[in-house]
Amino acid sequence: MNHVRILPVTRRDVMRLLGIGGGAAIGASLPGFEALAQSRKETLVIGMDIRDTNNLDPARDLHYTPPMTIHACYDTLLTMTPGDYINLKPALATKWARTPDGKGWRFTLRDNVKFVTGNTMTAQDVKYSLDRVNYIGYQASQYLTNVTEVKVIDDKTIDVMLKNPAEPILTILAAPSFSITDSKLVAANGGDATTDSKTKDKATEWLNQTSVGTGPYKLAEWQRGSQIQLVANPSYWGGKPPYQRVVVRHFEDAAAQLLSLRRGDIDCAFNLLPEQIATLKGEKDIGVEGHASLDFIYIALSHNPEFNKALAVKEARQAIAHAIDYDGIIKNLIGGAGTRPVSFIPTGLLGSTEKLTQEIGFREDIPRAKQLLQKAGFPDGFEFEIIYGNGAIAGTTYHVLGQKLQSDLARVGIKLKLGPMPQVNLRTLYNGGKMSATLVYWNPPAVENALWSWATVQRVAKRLHWTPPADLVKLVDAAAVETDQKKAEQLYIEYQKQMVDVANLIVLFQPIYQVGVRRSIKDFPLTAAGWQLDVGGVKPS
Amino acid sequence: MSEASAPILDATPFEPRARTSGQRWRRRYGLAVIGAAIIVIWIVVALAAPLLAHYPPHAVDVTVRLLPPSAAHWLGTDPLGRDVYSRLLFGARVSLFAGITVVVLGAIFGTLLGGIAAYAGGRIEEGLMRFTDLMLCFPPIILAMAIAAAMGIGTINTMIAMLIVWWPKFARLARSLVLVQRSQEYVEAAHLIGYGPSRVLLKHILPNSIGPLIVLVTLDVGHAIIVFSGLSFLGLGVVPPTPEWGAMVSENRELVEQWWGATFPGLAILTVVMGFNFLGDGIRDWLDPRARRR
Amino acid sequence: MPAAAKEPVQPILEVRDLRTHFDTDAGVVRAVDGVSFHVMPGETLGLVGESGSGKSVTALSIMRLLQDQSRIAGGSILFCGRDIVTMDAEQIRALRGDQMAMVFQDPMTSLNPVLRIARQLVETMVIHGRRDRNSALGHAVQLLGRMGITAPERAVDSYPHQFSGGMRQRVMLAMGFSNEPALLLADEPTTALDVTIQAQILDLLRELNTDFGAAVILISHDLGVIANVCSRVVVMYAGEVVEEGPTEALLSDPKHPYTWALLNAVPRLDRYIPGQRRLTTIEGMPPDSHQWPRGCRFAARCPFRVEACTEHPELLPVGPTRHSRCWVTQTGQSLPKPALPLVAPAAVKKVPAADREVMLEIKGLIKHFPVPKQNFFAPREAVHAVDGVDLIVRKGETVGLVGESGCGKSTLARLIVRIHEPDAGLIKFTGHDITHASAAEMRPLRRRIQMIFQDPYASLNPRMMVRDILAEPIRFHGLTDDEAGTQRRVEELLGLVGLSSTTAAKYPHEFSGGQRQRISIARALAVTPDLIVADEPISSLDVNIQAQIINLLIDLQERLHLTYLFIAHDLAVVRYISDRVVVLYLGKVMEIAPAEALFDRPLHPYTRSLISAVPIPDAAIERMRQRIHLQGEPPSALNPPSGCRFRTRCPMAAARCAAEEPVLHEYRPDHWAACHFTERV
Amino acid sequence: MLRYLTSRIVATFVMALLATLIVFLIVSLVPGDPVLSQLGDMAASNPEIVKAYRAKWGLDLPLYEQYWIFLTRLLNGDLGISITSQRPVMADIAQYAPATIELGTIAFILSVVIGVPFGIAAAVARDSWIDHSARFISLIGVSSPVFWLAFIMLTVFYGWLQIAPGPGRLDPIDLPPPRVTGAFLIDSALASRWDLLHTAVAHLVLPSIVLCAATLGLITRTTRASMLDTLGQDYVRVARAKGLRERAVIVAHALPNALIPVVTLGGLAYANLLTGTVMTETIFSWPGLGLYTFRSALALDIPAIMGMTLVFAFVYLLINLLVDLSYAVLDPRVLKR
């Protein structure tokens with residue numbers, strides 16, 4: 001039995017625990033430790049809570065952490081560089097323009113790009129990949145509803161035809177969901193890109209264990225709930241990647257993550273709490289990288305009087321919006337690591353800046369809130385329940401936020417009833433529009449203003465039992481198809497003004513994610529475009 | 001002391017003769033006494049929480065969050081600037097209430113069921129005991145988790161879930177105890193008087209079986225407190241902002257630098273559970289004839 | 001008698017002024033307080049005394065097997081000249097099981113349940129280097145054979161639980177003799193066994209003593225057993241030796257009042273005095289072991305008390321081979337025979353049995369207890385506890401019910417009082433059919449049938465004060481109009497059973513066994529019943545207390561005109577107390593007859609062997625007696641033998657016995673028996 | 001023997017069947033509709049997808065039919081599709097089980113190897129310092145909440161003293177050994193990757209200590225109690241009377257009897273260790289069944305939760321069966337009365 005062999009060792013380690021053998025880290029006493037140390041230098045270890053990673057198949061990616069891995073293994077036609085989410089950059093496509101008939105877009109593919117499998121990438125692969133995403137019917141497919149057809153013109157040219165040519169598609173295609181996969185191998189391993197791929201496609205399990213993309217790294221192994229192993233893709237068209245191996249290490253909680261970072265077991269920690277970040281300040285071999293995300297945490301208030309009479313009244317909603325201590329939340333609860341957009345369009349996108357928030361956004365104003373309550377006909381406040389998931393977000397947790405709101409609203413006599421529940425139930429109730437109020441976060445499927453603004457007047461509105469005024473809907477559509485940036489910006493500002501007046505979506509903050517990074521790393525290109533980190537761009541110092 | 005030792009006295013078939021020698025007395029009952037003392041202290045704390053607390057348990061003030069222990073905040077503050085000390089005191093109420101209620105109810109229910117089974121015998125006994133065994137083959141925590149998850153989070157729901165997994169062992173114990181007593185001659189004598197089964201069960205058998213039951217109850221209250229706080233720790237227990245020790249630990253367990261947030265509630269659990277274990281173990285010794293002889 | 005005992009040689013064991021003390025919470029108990037005696041090689045010494053007299057502790061002291069809270073406080077134990085008291089652990093260990101062995105009281109718990117017999121026998125021999133494993137095993141088989149175990153080759157490979165009590169005691173004896181020890185201590189070796197088995201074991205013990213020439217110390221409370229086996233007796237009382245001498249002399253002419261009391265307290269099968277309605281008893285109980293009285297420890301209970309008794313007497317010679325610790329007999333005079341009032345048998349006894357009105361009538365009563373299945377496929381088995389019993393109890397008489405353990409007598413009692421419900425048959429109580437009476441129907445009758453239980457420690461609810469125990473039935477049946485009345489009744493009852501009314505406020509554990517038995521009698525009387533079923537009410541009591549209780553029962557019967565169904569395994573007692581006797585075997589009636597008839601002219605072979613198995617406290621008689629030996633043990637009640645249940649052990653069994661079951665037939669007036677060959681008797 | 005064996009097995013099987021019913025009943029009493037929430041925001045508002053989903057899960061059928069489906073699936077080792085991980089619960093369990101078994105087994109071995117001798121010593125040297133310390137330690141062990149103990153251990157030994165490795169089964173940079181059994185100790189040994197074996201062992205130290213704390217106490221106390229009980233038996237006195245050395249008396253005569261109840265408890269304890277890993281694994285981010293169960297519970301992943309509950313129930317039954325069988329070996333009285 002194995003135990004026979006183990007016990008003496010265990011005893012030795014127990015001795016260590018008891019202090020004998022000094023503080024020597026366990027590995028240090030081992031022969032061949034140098035070798036390990038060597039390989040350690042060529043390995044990038046990312047500490048992150050990846051419990052939500054359920055699959056690494058681009059076509060089925062719908063959660064929060066997979067995009068980083070997918071983006072490291074695959075490329076999309078176009079992409080975005082960190083910080084600039086308005087101007088697209090070429091990736092697998094070098095040129096793109098309207099099709100001659102203007103009904104779609106024509107992409108010219110990069111020359112001799114090889115898949116990690118050795119095959120060369122062709123327009124055929126592009127069509128296959130996009131079709132597969134479209135027909136498999138997962139979340140990403142919803143963004144392709146405007147696509148009528150993906151046409152192969154020749155090996156290096158491909159057209160994407162649209163129902164409404166004006167609606168945006170380029171920004172969407174930059175999302176990792178629309179990564180280009182090696183069609184031959186995917187097909188060979190159960191992949192299907194026909195109209196009934198929803199039932200026929202069986203490639204996911206396979207794609208969960210390997211990757212067939214053109215990206216800088218290749219998926220070597222994925223141990224669920226434990227870690228993801230990537231190895232360098234020598235034939236990467238962008239040049240040899242800086243690391244031999246990349247390990248995405250799962251951490252259940254922040255404490256362990258911080259400890260591991262301190263000990264150098266990991267090179268960067270994604271899920272640190274504000275106070276942990278604070279303690280990192282001034283440590284000589286650990287720095288803090290921040291990046292403003294495009295996510296935000298917001299309150300949604302239902303218009304349905306059956307759930308709550310008060311919330312159905314506009315002034316009552318506005319009163320809530322004015323009773324919240326936004327600065328307290330941002331400065332204290334999340335240690336200042338956040339900005340706040342006016343409404344549903346994150347700062348950093350077209351027509352959304354922090355300055356604008358100061359001008360037209362909600363602000364804490366207790367007297368005003370009281371007046372509004374008077375106007376609403378609830379002079380001495382009212383009670384309503386807010387539901388939220390029992391998860392952590394942006395270095396704090398919903399239920400900390402909830403309890404903060406509770407005490408804030410209490411100041412104007414509004415009683416807040418807290419309803420924490422599994423994230424999943426929350427979604428059920430929210431999506432079904434079966435709640436009076438909720439506290440949730442929004443993260444971008446792809447960087448495109450319209451995806452946000454449409455949501456507010458379409459499905460989100462439905463959940464809130466709110467029929468948006470016709471002109472507001474028109475306004476949103478207009479903004480979406482407007483190609484002139486200046487004009488578009490004005491339209492979006494107008495849109496946000498109106499949303500503020502309706503006051504059914506109150507954004508609390510837009511977190512600036514802060515990542516603890518060891519100084520052994522020079523470049524650490526974080527991005528808000530949806531995949532958090534440009535793994536390919538991480539370079540050692 | 002007295003109230004704690006009252007049940008012990010009537011649990012033992014013999015008068016504690018040892019009062020004669022203080023030293024022996026301490027050797028034999030010392031543990032129980034310490035345990036009882038701890039419990040009494042905690043109960044007092046729970047009842048007097050409003051008086052002892054420095055702040056209301058829900059007073060949120062984000063400007064003073066995560067302060068280390070100080071004169072103002074004896075045990076520091078948590079991420080919402082609430083006073084850990086005050087929350088700890090109020091937490092005692094929740095934990096003790098939950099623990100004691102679950103076990104006592106479970107014990108009553110289980111004992112009656114087991115008693116009836118043992119007494120009725122035959123088909124009824126078969127059925128009841130099979131069912132008990134069935135319940136016993138589910139790991140308590142997992143089943144409690146499942147039920148709690150199924151019924152939705154909340155103190156009461158969690159307690160119900162625990163109750164469902166708690167009664168069987170009492171049923172089993174009670175049954176074995178009653179079986180022992182049932183064949184005793186004094187029980188037959190009671191029958192000869194003309195008493196009906198229920199009266200014999202309650203008046204004669206249970207009083208004589210109570211000892212081991214009390215031991216199990218005492219030990220189990222501790223265990224129940226751990227399980228309950230465990231479920232809260234996993235987010236399946238109380239609804240925030242209810243101050244509950246397990247919940248407090250989980251709220252603060254990520255803050256290694258701010259160790260106070262998680263450490264003190266943990267210590268609270270440890271001490272109170274120790275109290276119950278000491279007491280229970282002490283009582284067990286007390287009832288143990290071998291121990292009494294010496 | 002082994003010749004060795006006579007020759008003047010060095011004693012093999014000499015105990016001098018042994019003092020063994022227990023440390024308890026309540027202080028030091030001087031359990032053995034200056035005991036001295038000796039044992040000659042090959043001699044058989046009897047150690048007699050009631051419980052608490054210190055006889056077992058003495059034995060354990062000799063083996064140095066005392067519990068950790070007890071210690072040898074003084075004196076010396078010379079074994080072959082070496083002092084055991086001062087030996088170190090290793091020396092005494094080398095001695096144990098080698099030169100001196102011990103056999104304990106309860107064979108059921110004395111063998112290790114998870115080890116094979118062979119292993120347990122062999123290790124004794126191997127550990128002392130007497131033999132190597134193989135020869136040891138051979139010897140073990142041979143020994144078992146010698147101990148009368150059939151098929152010893154198979155026996156050694158089996159586990160203890162496959163053996164009955166008697167068998168196990170044989171194994172224990174084999175273990176004791178496996179190293180041919182010079183001394184064997186046997187602590188109540190037969191107390192836990194039935195009388196027929198006891199006879200077998202005692203015979204065996206005697207033979208072994210002669211064959212192996214090992215000296216034997218036999219510890220017992222039963223003078224009969226002692227008389228059966230021992231050549232010399234040491235009587236212990238309150239931690240000291242009170243009398244010592246050759247069995248025959250000592251039993252015929254006791255020189256110490258205590259011995260005298262012991263002898264006269266037990267009714268004797270061989271001398272039944274018609275009309276004797278009382279047994280000689282000494283009042284009170286042994287003194288408190290925490291501090292013995294300063295004077296003679298027996299004085300308080302002694303009928304021959306003189307002033308000198310306030311002073312502690314020494315164990316002094318009275319006659320050539322005898323010693324006694326008594327001032328009265330110092331002069332060598334004997335103690336008078338007890339003068340007992342011989343009342344004319346109560347009038348009621350005159351009326352011929354048949355004419356008295358029937359109180360209880362039982363026909364073909366059957367009760368089987370299903371045993372839990374061993375596994376899914378096993379057939380449901382059942383213990384045939386009571387298997388077709390016919391019985392009649394008439395008003396005012398005492399019917400004795402005898403039989404070995406497992407014969408169903410206790411079950412029968414519980415059927416009659418309807419704690420159990422019969423499977424079949426008929427129970428009629430004063431005309432009412434109560435065979436299947438519901439609890440409600442029984443309730444009024446409960447008043448009229450009551451029961452006295454065997455174990456005085458288990459029969460009283462430890463949680464209740466005596467007052468409540470007695471008041472409970474009174475209140476339940478509303479026998480008194482008010483609480484005051486109830487309390488009066490309680491005191492009255494206590495008086496009736498000879499307890500002071502102050503005891504009402506005490507809890508059972510504060511009483512001695514005898515007192516408890518009185519309380520449970522009082523409880524039975526509380527409802528003024530007509531019939532009392534007494535289930536071995538005296539079997540767990542010391543002889544003197546037994547006598548007290550028997551006397552009490554007889555008093556009560558006379559005063560309250562009670563009817564008794566008296567269950568016991570002690571035939572002497574049964575004969576003494578009963579008008580008619582019923583003999584049960586494996587759930588069936590073997591014989592029913594008036595006491596005299598049954599004991600003087602028994603018809604059934606089983607009855608005869610039972611009677612002959614009873615040891616009599618008279619060495620002379622014991623030596624003369626011609627015994628009928630029963631083979632083996634009662635078969636399992638799970639599947640009793642076909643035909644006559646007794647045939648498997650019957651000395652006169654024939655083919656017919658297996659084929660057809662003998663019916664209970666009246667061979668003489670009022671004398672019934674179930675046997676095919678009664679005429680041969 | 002064979003009869004006993006088969007009858008035990010049959011009994012176990014019956015219990016298992018009943019267990020499935022219980023689990024199913026719990027499932028059917030879950031409020032709300034977990035299906036809707038599983039399709040992502042947009043798809044949830046798409047009726048036919050939802051319908052397809054409901055059909056796939058057989059949620060529109062009456063209860064008893066659902067139970068039948070449930071049973072038949074179960075017989076094919078199909079516990080349904082985990083809602084969160086989107087793959088067969090069986091696959092998940094198969095994947096997470098080895099980690100838990102490894103941890104639980106080590107913890108079990110620890111508590112037995114320490115607890116039994118400790119208990120024996122305590123009983124033999126009753127009321128000595130050994131006895132008292134044994135009792136005290138075990139009481140502390142039973143009293144400390146696992147989740148807290150784990151937290152403290154991790155903070156102290158990993159965070160402050162830095163003498164213990166961090167959470168997880170291996171150091172972050174280590175690639176796990178080629179999967180044979182899934183238990184790293186065995187696999188790394190098979191692959192003769194001694195460095196990995198060492199790391200794996202090191203990573204096991206803290207969690208196993210935390211895990212076995214309570215069990216250790218339990219086993220110590222039980223061993224002590226039953227040993228005391230046995231030492232009071234007549235046959236032990238007889239053994240002494242035979243002149244056996246004290247060690248022989250204890251080891252050869254008392255122990256075999258004293259161990260019988262300990263075995264029962266041991267079985268139960270092992271089952272508890274396997275199922276009690278929820279909190280330990282959560283804090284040591286140990287990718288085992290405990291962690292899986294925890295996540296599933298939080299996400300109200302009903303198929304997963306119930307799958308786990310069922311599996312754990314089966315584990316219980318199985319271990320109890322083994323205990324019963326071991327009786328047959330330990331105690332001759334069991335076989336024939």
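A: Two residues are in contact if their C-beta atoms, placed from the backbone, lie within 7 Å. This is a predicted model, in which local features need pLDDT of at least 70, side-chain atom pairs count only at pLDDT 80 or more, and totals for chains, interfaces and linings use all residues. Residues are numbered from 1 along each chain as its sequence is written, with chains lettered from A and ligands numbered from 1 in the order in which they are written.

Q: Which pair of chains has the most contacts?
A: Chains A and D do, among the five pairs of chains that touch.

Q: And how far apart are chain A and chain C?
A: Their closest C-alpha atoms lie 28 Å apart, and no contact joins the two chains.

Q: Turning to domains, what is the assignment for chain A?
A: Domain 1 covers 11-63 + 204-292 + 514-540, domain 2 covers 72-200 and domain 3 covers 296-512; such bounds come from an automatic or database domain assignment.

Q: How many residues of domain 1 of chain A are in contact with domain 2 of chain A?
A: 30 residues of domain 1 of chain A are in contact with 33 residues of domain 2 of chain A.

Q: What classes of residue make up the domain 1 side there?
A: That side of domain 1 of chain A has 17 nonpolar, nine polar and four charged residues. Ala, Val, Leu, Ile, Met, Phe, Trp, Tyr, Cys and Pro count as nonpolar, Asp, Glu, Lys and Arg as charged, and the others, Gly among them, as polar.
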